[in-house]
Amino acid sequence: MGQIVINIILTFSLVLLIGQSFSLTYYPTRFFHIAHAVTITFAGYFTYLFVVQLHIFIGLAIILAIVCATVIGLLSEVAIYKPLRKYTSSSMILMTSSLGLMVVLQNMISILWGDDTKSVRTGEIKVGHEFLGAYITDIQVITIVVSLGLFVICGLFMQYGRIGRNIRAVASNPELSNIVGISANNVILWAFGIGSVLAAAAGILIVFDVDMTPTMGFNWLLYGVAAMIIGGIGSNWGLIGGALLLTTVQHLAAYYVGSQWIDAVAYIILILFLIAKPLGFSGKRLKKIEI
């Protein structure tokens, strides 16, 4: 049972970070940026490129991977979403465009690196540190600390930082924000940039713990989105509750039923919440969500 608890905490920290990164792109735009999943994936593959293929110092490689993955996130806003918003495209059109972008970029990863499983771990596999009868590796400790640390920092930034307040203002009323001198397009670009950095960090942490495939980002994005909706749109405390509930039930289901149920459980919990408690933990109405 101790190992299950550690696995829950590890997954919870990653889902929390990914959910927050997705929330940043959703709040000011009100559409589901599905291609956000590829930002997670590209971060892992850029890390593989710089560490394994080009043999760059790992610290510099991580920075370069985050920058490259963030550029992809920013380009999706500048080259695709912004022009579509200029012609008052609906959220459904934006989401469909995002889905198409995800497919294109995911296939690009397959062309560049292949569909086989890749790994950035070059050293021998270690058992890890024993803690209360369970085992946890160094990278898993780093993952938990970094993920929770970035979540807290970003939460404080959104609450007290000027850019964070502008993002919340545009999310609340973009027309009024433009009237008072806050450029919605600039704020959305900032949101995509910060969200992409967080997603890239999560992707890198994931691939240092487990192997990667071109489709890995979508499952992680699914967990983050489900946690965000369960917790209630616009609430960090709700996101914490949603991520904790989701990951706990997933790991218990994997232990008692089978690991093949992990993805199904995410969908089941999301559907049950939308039926029984559609406002989420935070009480903010989900009926205003546009996908």
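In this predicted model, α2 passes α3 in a right-handed crossing. The axes of the two helices come within 8 Å. They cross at roughly 145 degrees. On the α2 side, the contact is formed by T39, F42, A43, F46, T47, F50 and V51. These residues meet I58, A61, L64, A65, C68, A69, I72 and G73 in α3. By class, the contact of α2 with α3 comprises twelve nonpolar and three polar residues. No charged residue takes part in the contact of α2 with α3.

Helix α2 also packs against helix α9, which spans residues 216-231. Here the axes lie 8 Å apart, and the angle is about 125 degrees. The angle falls between 115 and 145 degrees, so α2 is oblique to α9. The crossing of α2 past α9 is right-handed. From α2, the residues H36, A37, I40 and T41 are involved. Their partners in α9 are M216, G217, F218 and L221. Five residues of the contact of α2 with α9 are nonpolar and three are polar. None of them is charged.

A further helix pair is formed by α5 and α8. Helix α5 covers residues 138-160, and helix α8 covers residues 184-209. They pack with their axes 9 Å apart, at an angle of about 170 degrees. An angle over 145 degrees counts as roughly antiparallel, and α5 is therefore roughly antiparallel to α8. Helix α5 contributes I139, Q140, I142, T143, V146, S147, L150, C154 and F157 to the contact. Helix α8 contributes I194, L198, A201, L205, F208 and D209. Eleven residues of the contact of α5 with α8 are nonpolar, three are polar and one is charged.

Rolling a probe the size of a water molecule over the atoms shows where empty space is left. The structure holds one cavity of 30 Å³ or more. The volume of the largest cavity is about 30 Å³. Its lining consists of H33, A35, V38, T39, I72, G73, S76, L101 and L105. The largest share, three residues, comes from α3. Five lining residues are nonpolar and four are polar. The lining of the largest cavity includes no charged residue.

Key
Residues are numbered from 1 along each chain as its sequence is written. This is a predicted model: local features need pLDDT of at least 70, side-chain atom pairs count only at pLDDT 80 or more; totals for chains, interfaces and linings use all residues. Side-chain values use heavy atoms; hydrogens and water are left out. On a 1 Å grid over the protein atoms alone, a cavity is a set of points where a 1.4 Å probe fits but cannot get out, and a pocket is an open set with protein on both sides within 12 Å along at least five of seven lines; lining residues have an atom within 4 Å of a point. Grid points are joined across faces, edges and corners, and a volume is the space filled by probe spheres set on the points. Helices (H or I, at least four residues) and strands (E, at least two) are DSSP runs, numbered from the N terminus. Ala, Val, Leu, Ile, Met, Phe, Trp, Tyr, Cys and Pro count as nonpolar, Asp, Glu, Lys and Arg as charged, and the others, Gly among them, as polar. Axes are lines fitted to C-alpha atoms, for helices over the stretch in contact, and angles run from 0 to 180 degrees between N-to-C directions. Angles under 35 degrees count as roughly parallel, over 145 as roughly antiparallel, 65 to 115 as roughly perpendicular and the rest as oblique. A crossing is left-handed if the near helix is turned anticlockwise from the far one by less than a right angle, and right-handed if clockwise. Contact means heavy atoms within 4.5 Å.
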